[in-house]
Amino acid sequence: MNSGTLYLIPAPLGPSDITWIIPPAVRQCVAALDHYIVEHPKTARRFLKQIGCVLPIQKISMQVLDEHTQAREYEKLLAPLLEGSDIGLLSEAGSPAVADPGAGLVRLAHQKNIRVVPLVGPSSILLALMSSGLNGQRFTFHGYLPVENDRRTKKIVELEKNSLTGDQTQIFIETPYRNQKLLESILSTCRDDTALCIACNLTLADEFISTRTIREWKQALPDVHDKPAIFLLQG
């Protein structure tokens, strides 16, 4: 029996017009699937209703893959694929397996010669980089910075130095409720002429994207508390 295909499905980054961010062909492909691996079933069901799912929601199989899922459980998640069924991998928001659970599962799928197909949709990291005006040839994504103040400050100094020596954009994120503290740390640590892009609520109605020097940000500090944001730094 031939294996099924693992489709990597980007999800909206928040409440928005899905026709604007998910292409029709992708919605058509996703709507026909009856097996999913999801981060949160409730959010996944809402997404499937938005795209016009062909099958009744209650007849769709959903397995959970989140930050608590152990690697030993991946075999079970992939079982329907090995039996010939296609599966959609759906994260909470944005692109699965990029700053989200799923990379280990995808790696195992490759090891088992399962076809992996990435579908087109929003990636907050790339959207932020595209719109920042910073170096898109050389960049590094670091995920979350340390929470503890001294370690976070040390990391910001390191990122700025790496950016200066390597002409490289440094990209990172924070839990939304800690965004403001991170921003204050950046402004108190970095050189005045370092460029910082703040990209908040990407693809949403109140989207905010702006690139300014640290000196300029100090004159008008934006409110990024509790807003999903990407930070991009280039010295």
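Visitor: What is the relative accessible area of Asp226, and how does that class it?

Guide: Buried means under 20% relative accessible area, exposed over 50%, and partly exposed in between, with a 1.4 Å probe and protein chains only. Asp226, at 48%, is partly exposed. The model is a predicted one, where local features need pLDDT of at least 70, side-chain atom pairs count only at pLDDT 80 or more, and totals for chains, interfaces and linings use all residues. Numbering starts from 1 along each chain as its sequence is written, and side-chain values use heavy atoms, leaving out hydrogens and water.

Visitor: What is the phi of Asp226, and where does the residue sit?

Guide: Its phi is near 65 degrees, a positive value in a residue other than glycine. Helices (H or I, at least four residues) and strands (E, at least two) are DSSP runs, numbered from the N terminus. In those terms, Asp226 belongs to the loop between α9 (214-219) and β10 (229-234). Ala99 also has a positive phi without being glycine, near 55 degrees. Ala99 lies in the loop between β4 and α5 (103-111), and its 47% relative accessibility makes it partly exposed.

Visitor: How many helices and strands are there in the protein chain?

Guide: The chain has nine helices and ten strands. Its C-alpha atoms fill a box of roughly 60 × 35 × 30 Å along the principal axes. Of its 235 residues, 47% are buried. A contact means heavy atoms within 4.5 Å. Among contacts between residues at least 6 apart in sequence, 75% join residues at least 24 apart.

Visitor: In what order do the strands of the open sheet lie?

Guide: Two strands pair if DSSP finds at least two bridges between them. Here five strands give an open sheet, ordered β3-β2-β4-β1-β5, with parallel pairing. β3 (61-64) and β5 (115-118) are the edge strands, each pairing on one side only. Neighbouring strands are turned by 25 degrees against each other on average, direction ignored. Inside the sheet, β1 (residues 5-9) and β4 (residues 87-90) run parallel and are joined by four bridges. Leu6 has Ile87 of β4 as its bridge partner.

Visitor: Which strands does helix α3 lie across?

Guide: Axes are lines fitted to C-alpha atoms, for helices over the stretch in contact, and angles run from 0 to 180 degrees between N-to-C directions. Helix α3 (residues 41-51) lies across β1, β2 (35-38), β3 and β4, and runs at about 140 degrees to β3.

Visitor: At what angle do α7 and α8 pack?

Guide: The angle between α7 (residues 149-166) and α8 (residues 179-189) is about 55 degrees, and their axes are 10 Å apart. Under 35 degrees counts as roughly parallel, over 145 as roughly antiparallel, 65 to 115 as roughly perpendicular and the rest as oblique; α7 and α8 are therefore oblique. Residues making the contact include Ile156 and Val157 of α7 and Leu182 and Ile186 of α8.

Visitor: How many disulfides does a search of the whole structure find?

Guide: A disulfide is a covalent bond between the sulfur atoms of two cysteines. The test is a pair of cysteine sulfur atoms within 2.5 Å, and the search finds zero. For Cys29, the nearest cysteine sulfur is that of Cys53, 12 Å away.
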